[in-house]
Amino acid sequence: MFINVAMTADGKIAPSDRRFIPFGSKRDREHLLELRATADAVMAGARTVDMFPVNMGAGGAKYRRLRARRGLAEENLRVIVSGRGTIDPKAKIFQRRELGPIIVLTTERAGARQLRRLSELVDEAKICGEDAVDFGAALKWLRKEWGVKRLLCEGGGELNAALFAAGVVDELHLTINPRFFGGRDAPTLADGAGVEHLADATRLKLKSVKESDGEVFLVYQVKG
Ligand SMILES: NC(=O)c1ccc[n+]([C@@H]2O[C@H](COP(=O)([O-])OP(=O)(O)OC[C@H]3O[C@@H](n4cnc5c(N)ncnc54)[C@H](OP(=O)(O)O)[C@@H]3O)[C@@H](O)[C@H]2O)c1
């Protein structure tokens, strides 16, 4: 699986109030849709889905044609991660049900009421763990039941951190935008607890660097 994220030059993925600000360029937006067009499924955390006005779809006829040529379903599967099953039912993603099926990966922390509510909102809600989603098991399940071979995660920081910690990330696609947000509480690409020792840091190998109008597009391979 791979992660795509856009951050400012000071490493922030949103301002400190966590509000959605479309700070990426038009090129970065195209880049995001080009990456979606290589994936069977696109995944995001519950807070990103609540806050981002995104539908997580393929992005229109041009990308659907590209997907079809690659032998992919015209629309990607849409996967939301929510351990407590707390996703805003008014989120934009639920307003475009004609796009790809919506799956929620959740845990036993989501009670019966939340699960009932989710089942009315999405195509399938799958319990994949007690307290936190077990991503190893969840990815296996997605592959077996929904044919997901290539999964793209689009954030946010808490979900990205959990995926790195679970050791399931193969690649990181990182756009560095020539802006500066500041703010000690502003989210970064991988929040969560983080590591205590240098030896525990995730090691990356730089695979490619591209620049367009001051914006830098990096691809890292996760080592080991
Ligand atoms: N610049 C970019 O590329 C980009 C992309 C995406 C998002 N963002 C920004 O990122 C921020 C949102 O990120 P965030 O870190 O606050 O939230 P997030 O990662 O989108 O979502 C966090 C939620 O996901 C669920 N979750 C995450 N890891 C889990 C695990 N291991 N097991 C079970 N559930 C898990 C939990 O949901 P429950 O609480 O329901 O259990 C958790 O509260 C926003 O400010 C957004 O604007 C920026």
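A backbone N or O atom of G156 lies 3.0 Å from an oxygen atom of the ligand, a polar contact in the sense of a pair of N or O atoms within 3.5 Å. The protein covers 92% of the 920 Å² of accessible area that the ligand has on its own, with areas taken from the Shrake-Rupley method with a 1.4 Å probe. This is a predicted model, in which local features need pLDDT of at least 70 and side-chain atom pairs count only at pLDDT 80 or more, while totals for chains, interfaces and linings use all residues. Residues are numbered from 1 along each chain as its sequence is written, and side-chain values use heavy atoms, with hydrogens and water left out.

**Ligand shell**

- The ligand is surrounded by 29 residues, of which T48, S82, R84, T86 and E158 are the closest; a residue counts as near when one of its heavy atoms lies within 4 Å.
- By class, this shell holds 14 nonpolar, nine polar and six charged residues, where Ala, Val, Leu, Ile, Met, Phe, Trp, Tyr, Cys and Pro are nonpolar, Asp, Glu, Lys and Arg are charged, and the others, Gly among them, are polar.
- The element that gives the most to the shell is α6, with four residues; helices (H or I, at least four residues) and strands (E, at least two) are DSSP runs, numbered from the N terminus.

**Backbone contacts and local geometry**

- A polar backbone atom of R18 is 2.7 Å from an oxygen atom of the ligand; R18 belongs to the loop between β1 and α1 and, although not a glycine, has a positive phi of about 65 degrees.
- A nitrogen atom of the ligand lies 2.9 Å from a backbone N or O atom of V133.

**Salt bridges**

- The whole structure contains 11 salt bridges, each defined by a side-chain nitrogen of Lys or Arg within 4 Å of a carboxyl oxygen of Asp or Glu.
- One of them joins the side chains of D50 and R47, at 3.0 Å from N to O, and both residues lie in helix α2, three residues apart, about one turn of the helix.

**Second largest pocket**

- This pocket holds about 180 Å³ of space; on a 1 Å grid over the protein atoms alone, a pocket is an open set of points where a 1.4 Å probe fits, with protein on both sides within 12 Å along at least five of seven lines, and lining residues have an atom within 4 Å of a point.
- Its lining includes R27, H31, H173, K210 and F217, and divides into three nonpolar, four polar and three charged residues.
- The largest share of the lining, four residues, comes from β8.

Note on methods
A polar contact is a pair of N or O atoms within 3.5 Å; within protein, one must be able to donate a hydrogen and the other to accept it, and residues adjacent in sequence count only if both atoms are side-chain atoms. Grid points are joined across faces, edges and corners, and a volume is the space filled by probe spheres set on the points.
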